[in-house]
Amino acid sequence: MENCIFCKILAGEIPSKKVYEDDFVYAFHDIAPAAPVHILIIPKEHICCMNKAEESHKELLGHILLTAQKLAKELGIADSGYRIINNCGENAGQTVFHMHFHLLGGDTFTKLV
Ligand code: AMP
Ligand code: ZN
């Protein structure tokens, strides 16, 4: 997808600090960390946001969540706790329109819900 920052990261056109990669997902450090651990997990397929996820993405969505769990363990935040966030659309403050999940840990967070 042209002009998508995360597609450019996937293509190696923009540098990123890789944490994990497999055939379906790529995980890297957020450029402006909001917590001591702040990882972004993205599908390799360009999907703009949760609104565009379909039945055919069921397995991919589950894989993203389990990847977050695996990375939380590897990064040492599983026991202390972590938050997984997906922002979808304007009211949620989504700024990059390639679906992504934030994995945040190493700190306590204000509870929104
Ligand atoms: P969101 O606000 O949910 O759309 O999150 C987008 C996130 O992408 C923000 O936390 C940004 O700091 C992060 N971000 C934007 N550009 C880059 C980049 N080139 N490398 C790593 N993270 C980025
Ligand atoms: Zn993209």
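1. Start with the backbone of T95: one of its polar atoms is 2.7 Å from an oxygen atom of ligand 1, a polar contact (N or O atoms within 3.5 Å of each other). From H102, a polar side-chain atom lies 2.8 Å from a ligand oxygen. Taken alone, ligand 1 exposes 510 Å², and the protein buries 84% of that (Shrake-Rupley areas, 1.4 Å probe).

2. A caveat: this is a predicted model, where local features need pLDDT of at least 70 and side-chain atom pairs pLDDT 80 or more, while totals for chains, interfaces and linings use all residues. Residues are numbered from 1 along each chain as its sequence is written, chains are lettered from A and ligands numbered from 1 in written order, and side-chain values use heavy atoms, without hydrogens or water.

3. Now the surroundings. There are 15 residues around ligand 1, and D30, N87, T95, H100 and H102 come nearest (a near residue has a heavy atom within 4 Å). By class, the shell has 7 nonpolar, 7 polar and 1 charged residues, with Asp, Glu, Lys and Arg counted as charged and Gly among the polar ones.

4. As for the fold, the chain has 2 helices and 5 strands, in the order α-β-β-β-α-β-β.

Conventions. Polar contact = N/O pair within 3.5 Å; in protein donor to acceptor, adjacent residues only side chain to side chain. Helix = DSSP H or I, 4+ residues; strand = E, 2+ residues; numbered from the N terminus.
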